[in-house]
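Biologist: Please take me through the features of this model one at a time. For each, give me the general idea before the case.

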Amino acid sequence: MKILFDWDNKKNEQNIEKHHISFYEAQQAFLDPNRVIAEDLEHSQKESRYFCFGKVNEYIMTVRFTYREKIIRIIGAGYWRKGKKIYEKKQKEKI
């Protein structure tokens, strides 16, 4: 099954400026077989929003996203300490 992604180009440019990560690169977090998906309870508004914590180039990337008509719409991405902690905790729980 192919995963489809979408994003707002202006938000992508802002994310590159702020976090130095493009949404194109952020797609890689979803390829991690050990990725962690969590609901973003703090920022969910009219639609549910989620986080994907996944390993990309030996670092843990956090990607904020939503689902729209079976397409993953990326909202933001970065390398954040909190995301790394959540990822590592979930990996320890699997042992």
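The dialogue below goes through the sheet, the helices, the aromatic rings and the loops.

Modeller: This is a predicted model, in which local features need pLDDT of at least 70 and side-chain atom pairs count only at pLDDT 80 or more, while totals for chains, interfaces and linings use all residues. Residues are numbered from 1 along each chain as its sequence is written, and side-chain values use heavy atoms, with hydrogens and water left out.

Biologist: What is the order of the strands in the open sheet?

Modeller: Helices (H or I, at least four residues) and strands (E, at least two) are DSSP runs numbered from the N terminus. Two strands pair if DSSP finds at least two bridges between them. Here five strands form an open sheet in the order E1-E5-E4-E3-E2, and the pairing is mixed. Strands E1 (5–7) and E2 (36–39) are at the edges with a single partner strand each, so one side of each has no neighbour in the sheet. From one strand to the next, the twist averages 40°.

Biologist: How many bridges join E4 to E5?

Modeller: Seven bridges join strand E4 (residues 59–68) to strand E5 (residues 71–78), and the two run antiparallel. In one of the pairings, Arg64 has Gly76 in E5 as its bridge partner.

Biologist: Which strands does helix H1 lie across, and which does H3 touch?

Modeller: Contact means heavy atoms within 4.5 Å. Axes are lines fitted to C-alpha atoms, for helices over the stretch in contact, and angles run from 0 to 180 degrees between N-to-C directions. Helix H1 (residues 9–19) lies across E1 and E5, at about 25° to E5. Helix H3 (residues 81–94) packs on the sheet and touches E2, E3 (50–56) and E4, its direction making about 80° with that of E3.

Biologist: Which residues of H3 are buried, and which are exposed on the other side?

Modeller: An α-helix has 3.6 residues a turn, so residues three or four places apart point the same way. Buried means under 20% relative accessible area, exposed over 50%, and partly exposed in between (1.4 Å probe, protein chains only). In H3, the buried residues include Gly83, Tyr87 and Gln91. They lie on the same side of H3, because they cover an arc of only 70° around the axis; the arc is that of the directions from the helix axis to the C-beta atoms. Elements including E2, E3 and E4 cover the buried residues of H3. On the other side of the helix, Arg81, Lys82, Lys85, Lys89 and Lys92 are exposed.

Biologist: Why is the pair of Phe30 and Phe65 edge-to-face?

Modeller: Rings of Phe, Tyr and Trp (its six-membered ring) pair if their centres lie within 6.5 Å; planes under 30 degrees apart count as stacked, over 60 as edge-to-face and the rest as tilted. The structure holds eight aromatic pairs. For Phe30 and Phe65, the ring centres are 5.1 Å apart and the planes stand at 75°, so the pair is edge-to-face. The two are 35 residues apart in the chain, with Phe30 in the loop between helix H2 (23–26) and E2, and Phe65 in strand E4. Phe30 is buried at 6% relative accessibility, and Phe65 is buried at 0%.

Biologist: Where is His20 found, and is His20 buried or exposed?

Modeller: His20 is in the loop between H1 and H2 and is exposed, with a relative accessible area of 65%. Its phi is positive, about 65°, although His20 is not a glycine. Asn57, in the loop between E3 and E4, also has a positive phi, near 55°. Asn57 is exposed at 59% relative accessibility.
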